[in-house]
Amino acid sequence: MKKIAVIGTGYVGLVTGTCFAETGNDVICVDIDKEKVDLMKNGKVPIYEPHLDVLFERNIKEGRLRFTTDIAEGIKDAEIIFLALPTPPGEDGSADLSYVLGVGADLGKLMTEYKVIVDKSTVPVGTSEKVEAAIKAHATVEFDVVSNPEFLREGFAVDDFLKPDRVVIGTNSARARKIMGELYKPFVRQGNPILFMDEKSAELTKYAANSFLATKITFMNEIANFCEIVGANVDDVRIGIGSDDRIGNRFLFPGIGFGGSCFPKDVQALVKSGKEYNYDFDIINAVLRVNDQQRLRLIDKVLNHFGDVKGKTFGLWGLAFKPDTDDIREAPALYMIEKLLAAGAKIKAYDPEAMANVKKQYDFDIEYVDNQYTAIEGADALLIATEWGAFRNPDFELIKKNLKKPKVFDGRNLFGLEEMEERGFYYESIGRRT
Ligand code: UGA
């Protein structure tokens, strides 16, 4: 059992704190947002993430998971302090480290005994040195700064945390290495590795992993676009290349571009880091360019098909950047809405979880409805932007009945071409013939 403090109860902090409590540690989560802390003290999870609520409630009940707004109280007894603070992109695309460094300075002033301070946020190469300096400027005791990036996927975060493919721990300190090794031992039962490396390599591992995955998706999007031109079918090409172990069949699904809180931000931050060291990432710059275009690919198809969409109505299924989350950060649907509205179209949107977030953060002039079939009543076409489970197996007869004409533009390739033809739909998707 270790005593742990987690500073910052955003997505990463909450999952980290809850999962460490679940493995028997004593965890206290610190956040400056009093309202949020009160909510959590009452057993409410402030984000939507499958399975998190059950673990959250259990560990609060068993006294292993506590919350406070008082950082001094939070870190007093902790041997390990996780920093899970926001690192939003600044105007130039570089990660803003002011939260992380600010808390670092606070820790320096507050610590009265040796502690391991762990960077859990995704931070550019060299940040651990900066955190160390921020703490050292005030510290009177020994401490180690460790880089321990997370590899959680939204929607699968609890599972990814409890059963990681690997744990990356960046430190040159033998003392910190021993403590972190003990902490993570229960998580790698299946023999998955704990990889020890220096801080900079750990920091870069995170950016390299996300940028590689974003590149893989983008590569497939380009192949899909070319499939359309030459009349090939991307499903076959995907399976054709994915069955080669060296390529692998995961993360090869073409669509309307990658979004979310991680890929776009991290890919941009890596480019920015490169610039700081006078290194220009050719491939990754191209990935960003292609992805910008891909987000509007489906709308380009709609505009091509209809010519003028002024006054036309579209039913939009999906706003979240991917299913099983209410997260709309960098969601392709938002870019699609902007472009359609600019072209004079009307939109009726439905998403099982993400509508409240869009309403709160954007003042789009669109109609939000509480049922996927209501969204397409009297609409000129159905547009699919997120592959929610309920969209995969819909009532096709009802779709036909509700739409003016049976037209579906699918940014996630949910349906087979032949089945849609048999059902009498005009169907456009990504990387397949129309
Ligand atoms: C991603 C990574 O997968 C995690 O490993 C990482 O820890 C996390 O970022 C992070 O840095 O915190 P996440 O953003 O939750 O996780 O979502 P993914 O499931 O990876 O999807 C990212 C985007 O890629 C989505 O927009 C999704 O629609 C798109 N995607 C994914 C595709 O277009 N095609 C695919 O084959 C896979």
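Predicted model: local features only at pLDDT ≥ 70, side-chain atom pairs only at ≥ 80, totals over all residues.

Reader: How do strands of a sheet pair?

Author: Through backbone hydrogen bonds, either parallel or antiparallel. Here is one pair. Strand E9 (residues 313-317) and strand E10 (residues 346-350) run parallel, joined by five bridges. Leucine 316 has alanine 349 in E10 as its bridge partner.

Reader: Next, the domains. How is the chain divided?

Author: Into domain 1 (3-197), domain 2 (206-293) and domain 3 (295-428). The contact between domain 1 and domain 2 takes 11 residues from domain 1 and 10 residues from domain 2. On the domain 1 side, six of the residues are nonpolar, three polar and two charged. The C-alpha centres of domain 1 and domain 2 are 29 Å apart.

Reader: Now the ligand. How many residues surround the ligand, and which are the closest?

Author: The ligand is surrounded by 20 residues, and the closest are Glu154, Phe253, Phe258, Gly260 and Cys262. By class, 11 residues of the shell are nonpolar, five are polar and four are charged.

Reader: Which helix gives the most to the shell?

Author: Helix H9 (residues 199-230), with three residues. At the domain level, domain 1 (3-197) and domain 2 (206-293) each supply at least three residues to the shell.

Reader: Cys262 is one of the closest residues. What feature does UniProt place there?

Author: The unreviewed UniProt entry places "active site" at Cys262. Cysteine 262 sits in the loop between helix H10 (234-242) and helix H11 (263-276).

Reader: Is cysteine 262 buried or exposed?

Author: Count the C-beta atoms around its own. A residue is buried if 20 or more others lie within 10 Å. Cysteine 262 has 24 other C-beta atoms within 10 Å, so cysteine 262 is buried.

Reader: Which residues does UniProt list for "binding site"?

Author: The unreviewed entry lists Asp31, Lys36, Thr87, Thr122, Glu154, Lys265 and Arg329. They span 299 residues in sequence, and the farthest two C-alpha atoms are 25.1 Å apart, so they do not all gather at one spot.

Reader: Take lysine 36. Where is its place?

Author: Lysine 36 is in helix H2 (residues 34-41). With 18 other C-beta atoms within 10 Å, lysine 36 is partly exposed. Beyond its neighbours within four places in sequence, lysine 36 is in contact with Thr9, Asp31 and Pro46.

Reader: One last residue. What does isoleucine 60 touch?

Author: Gly43 and Leu65, not counting residues up to four places away in sequence. Isoleucine 60 lies in helix H3 (residues 52-61). Isoleucine 60 is partly exposed, with 18 other C-beta atoms within 10 Å. A separation of 49 Å lies between the C-alpha atoms of isoleucine 60 and glutamate 419, which are 359 residues apart along the chain.

Definitions and conventions
Residues numbered from 1 in each chain as written. Near = placed C-beta within 6 Å. Helix = DSSP H or I, 4+ residues; strand = E, 2+ residues; numbered from the N terminus. Nonpolar A, V, L, I, M, F, W, Y, C, P; charged D, E, K, R; others polar. Domains from an automatic or database assignment. Pairing = 2+ DSSP bridges. UniProt positions renumbered as here; feature names shortened; annotations may be inferred. Buried ≥ 20, exposed ≤ 12 C-beta atoms within 10 Å, placed from the backbone. Contact = placed C-beta atoms within 7 Å.
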